[in-house]
Amino acid sequence: MPASRPQPRRRLPPGQPAVRPLVWWMALAWASLPALANAQSAEQEPLPAPVLRPSPMLQEKIPEAARNLQPAYVFGDSISGQADVRAVIEGNAELRRSDTIVRANRMEYTVADDRVQAEGQVHINRAGNVFDGNRLDLEVEAFRGNFTDANYRFLATQAHGDASEVEFLDRERSIIHNATYTTCQRDNEASWEPDWVLKARSIHLDQGTQVGYARGAKLQFKGVTVLPIPVVSFPLSDQRKSGLLPLTIGLDNVSGFEYTQPYYWNIAPNRDATLSSTLMTKRGVNVGGEFRYLEPTYQGKLRLDYMPGDRLRDRDRWAYGVLHQGTIASPFGALGLNLNLNRVSDDNYWRDFTRRGETNRLLNSRLLPSDATLGWSGQDSTLMLRTLKWQTLQDVASPITPPYDRMPQLQWRYTPLNLGHGLDMTVEADTTRFEADPTLTGQPNAQRSYLSAEISRPFLSPGAFFTPKLKLHASQYDFDGALSNGMTSAARTLPTLSLDSGLVFERETQLFGRNLLQTLEPRAFYTYTPYRDQSMLPVYDTGLNDFNLATIYSENSYSGHDRFADNNLLTLGLTTRLIDADTGAESARFGVAQRVRFSDQRVTLPGEVPATDRLSDILFGASINWTPQWALDAAVQYNRETAHSERTTVAARYSPGNYRTISAAYRLQRGTSEQVDVGWQWPIRNPWASEDKGREGGRWYSVGRLNYSLQDRKLVDTVVGFEYDSCCWVGRVVLERLQSSVTTSNTRLLFQVEFVGFSRLSLGANPLQSLKDNIPRYQPLRQTTTVPSRFSNYD
């Protein structure tokens with residue numbers, strides 16, 4: 001057919017079809033040419049700004065009310081038929097309606113039934129999902145009919161396959177008979193075979209729930225059937241769905257062969273549950289479940305594991321966890337209720353169920369809290385009632401002193417917002433019952449009450465600040481038994497004065513061709529607390545603060561309320577920052593600080609050596625983020641008398657792009673530990689190629705984390721492995737060795753094959769979770785960041 005031959009076009013709106021041949025449009029354009037020429041020769045006037053109007057045609061999903069009003073458009077080399085009844089399109093036939101396009105060599109469209117029959121190279125594009133075949137019989141708007149000898153491709157997952165017949169049930173559901181399903185992308189070779197493919201007697205696809213169901217299926221990988229599946233469901237997108245999750249198979253010397261099969265239950269958009277059962281050939285069967293909920297005013301999750309008759313310990317084993325956060329309406333205002341409850345059956349649970357800790361990290365700990373807090377907040381006040389009870393899992397080889405339970409704690413805090421005269425004030429009252437086993441703690445239980453009040457007056461200006469603060473703390477102890485000096489009660493009252501001041505200088509500068517704003521910020525902080533003998537007071541909730549550039553500007557060296565240091569200190573510090581003048585981002589920060597002590601320290605914790613040096617160690621700190629790819633953080637505690645650093649931490653990170661990150665850290669605590677920590681995720685085949693080009697033939701990645709003790713000359717934690725990203729599947733193999741105590745460690749070899757857009761098969765445990773937990777800034781391969789649009793596949 002000559003290229004200049006016009007193509008007739010017919011527009012068939014519901015109830016009133018009309019014919020608009022291309023010749024009609026050409027004649028209209030020819031008649032308009034003189035007017036266009038005159039318009040071009042005349043002086044052009046500014047045109048009014050176009051007004052944008054929303055159109056349902058540009059929406060991802062056309063509303064039902066608008067869908068029924070959409071007209072049908074037909075195209076072809078020749079069109080014949082009867083208006084309002086029937087149209088026959090011969091040669092390059094095409095029909096468009098709403099988000100549906102049908103093309104074929106020949107097409108017959110019946111208006112009353114909204115039915116199209118097509119044959120010869122039939123092509124369908126419905127909302128980005130594409131079907132091709134030989135013969136089609138379809139009710140267009142209802143999208144009900146059948147398609148023979150068809151192949152298909154889905155927009156959301158790019159999955160595709162072949163079928164002897166596609167049966168369209170409605171706009172959301174279809175059945176593919178004698179079907180194949182894969183996400184492997186076809187190349188140009190005639191002998192191409194997908195790396196993995198699901199072959200099934202029938203596949204039921206539900207685009208509404210985004211779920212596929214295959215019957216009489218088998219999964220083939222590299223031409224080998226790896227899993228016969230009588231019935232299986234799989235996702236058609238990344239939305240949640242009910243069904244069996246990927247199984248996990250493991251083997252170790254404690255549990256023997258392990259088989260875990262989880263089931264996911266999508267109860268509602270804001271509720272779901274995961275049920276799992278694990279068979280351990282040497283121990284028995286463990287069943288568990290996790291329920292999650294999300295409501296407008298509260299959220300949380302419940303976790304339960306139970307193993308009857310564990311042959312390893314000859315007893316029933318169980319564990320539960322409850323996490324809840326929410327608010328409760330009351331006549332007095334909003335009440336907040338927070339729960340964090342954790343309990344296990346015995347002291348060896350953390351040792352024997354390391355894999356259960358993948359869903360609840362607390363189960364790998366020997367200290368399990370059960371914490372319940374009820375809080376109320378008003379305009380200036382907050383009130384909290386809290387109970388905290390610990391379960392301490394003891395080990396005969398390394399016993400630990402249990403922390404104190406709070407049974408209960410009642411706290412009131414008052415912070416007026418409009419005190420006037422620029423004053424800031426805080427008042428806090430607290431009474432707490434501390435309970436623990438005295439034979440393990442060596443101290444009596446007690447009721448401790450305290451009242452703390454502080455008032456300050458900040459003086460602020462653009463280039464300086466000065467904040468005097470006065471604090472008063474009064475506490476009362478009532479012990480269940482007598483102390484070593486015979487006391488059954490004790491009281492203490494302590495005032496604290498602090499003066500915080502600083503200056504801020506700024507200047508514009510340039511460095512390495514960048515416009516920067518540099519600051520110079522000297523700071524002086526003085527604090528004074530008189531000495532009170534506190535050596536006889538037990539320690540219930542107090543510990544020594546870490547010595548760093550943040551805590552050096554604090555009034556007390558301790559956290560908690562059982563010790564208040566007798567400070568007479570002056571802290572001097574200097575900070576300079578480099579700020580990008582164009583973006584306002586901080587490119588670098590450098591700081592130094594040192595304490596000057598005017599009197600010897602006398603208040604200490606048990607076993608602590610009092611400080612007598614007039615000058616403390618010098619603290620240095622640096623943070624450099626010159627580019628988004630590079631980052632450097634360093635902190636040094638330098639002892640001027642020994643001319644050595646007491647503590648040093650240097651950490652660097654390089655992340656030039658997706659799936660490329662290297663981090664390294666050096667940590668020294670003199671006399672205690674010295675470690676080097678390295679983590680990475682990096683391509684090892686053509687690493688500088690683009691992501692698209694790098695996937696031709698697959699790409700290998702090296703992943704890992706090594707924590708090495710220079711003092712002990714051995715690896716503490718080791719996670720090393722490889723990932724392989726093919727066109728449609730990802731393989732992972734990871735060796736994990738993590739230290740669980742001073743003398744013991746857990747070693748696992750983890751395998752996983754991820755069939756992209758379908759499922760994962762794991763051996764040993766989930767290596768993906770191990771990589772996320774151990775490698776800083778690790779990115780899972782093929783992580784979806786955008787949702788495809790139907791317009792990206794519009795033809």
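**Figure 1. Overview of the predicted model.** Among contacts with a separation of 6 or more, residues 24 or more positions apart account for 47%; contact means heavy atoms within 4.5 Å. This is a predicted model, in which local features need pLDDT of at least 70 and side-chain atom pairs count only at pLDDT 80 or more, while totals for chains, interfaces and linings use all residues. Residues are numbered from 1 along each chain as its sequence is written, and side-chain values use heavy atoms, with hydrogens and water left out. The secondary structure comes to 6 helices and 46 strands. Helices (H or I, at least four residues) and strands (E, at least two) are DSSP runs, numbered from the N terminus. The protein has 795 residues, and 39% of them are buried. Buried means under 20% relative accessible area, exposed over 50%, and partly exposed in between (1.4 Å probe, protein chains only). Areas come from the Shrake-Rupley method with a 1.4 Å probe; for residues, only the protein chains shown count as cover.

Figure 2. Strand E13 spans residues 211-221 and includes Val 211. Val 211 counts as buried because its relative accessibility is 4%. Leaving aside neighbours within four places in sequence, Val 211 is in contact with His 204, Leu 205, Asp 206, Ser 233, Phe 234, Leu 236 and Lys 241. Arg 240 is 29 residues from Val 211 in sequence, and their C-alpha atoms are 9.1 Å apart.

**Figure 3. A nonpolar surface patch.** About 880 Å² of surface is made by Leu 251, Phe 257, Tyr 259, Leu 279, Val 285, Val 287, Leu 304, Tyr 306, Trp 318 and Tyr 320. Patches are made of residues with over 30% relative accessible area and no salt bridge; like charges are joined within 9 Å, nonpolar side chains (Val, Leu, Ile, Met, Phe, Trp, Tyr) within 5 Å. A salt bridge is a side-chain nitrogen of Lys or Arg within 4 Å of a carboxyl oxygen of Asp or Glu. At least two patch residues come from each of the strands E17 (256-268), E19 (284-294), E20 (298-310) and E21 (315-328). Leu 279 sits in strand E18 (residues 271-280). With 41% relative accessibility, Leu 279 counts as partly exposed.

**Figure 4. Strand pairing around Trp 412.** Strands E24 (residues 381-392) and E25 (residues 405-414) run antiparallel, joined by 7 bridges. Two strands pair if DSSP finds at least two bridges between them. Trp 412 in E25 stands opposite Leu 383. E25 also runs antiparallel to strand E26 (residues 424-435), with 8 bridges. There, Ala 429 in E26 stands opposite Trp 412.

Figure 5. Strand E30 covers residues 489-503 and holds Thr 493. Thr 493 counts as partly exposed, at 43% relative accessibility. Not counting residues up to four places away in sequence, Thr 493 touches Leu 472, His 473, Ala 474 and Arg 532. Ser 475 lies 18 residues from Thr 493 in sequence and 6.5 Å away in space, C-alpha to C-alpha.

Figure 6. Asn 568 belongs to strand E35 (residues 568-580). Its relative accessibility is 15%, so Asn 568 counts as buried. The side chains of Asn 568 and Tyr 526 make a polar contact at 2.7 Å. A polar contact is a pair of N or O atoms within 3.5 Å; within protein, one must be able to donate a hydrogen and the other to accept it, and residues adjacent in sequence count only if both atoms are side-chain atoms. Beyond neighbours within four places in sequence, the contacts of Asn 568 are Tyr 526, Thr 527, Tyr 528, Val 596, Arg 597, Phe 598 and Ser 599.
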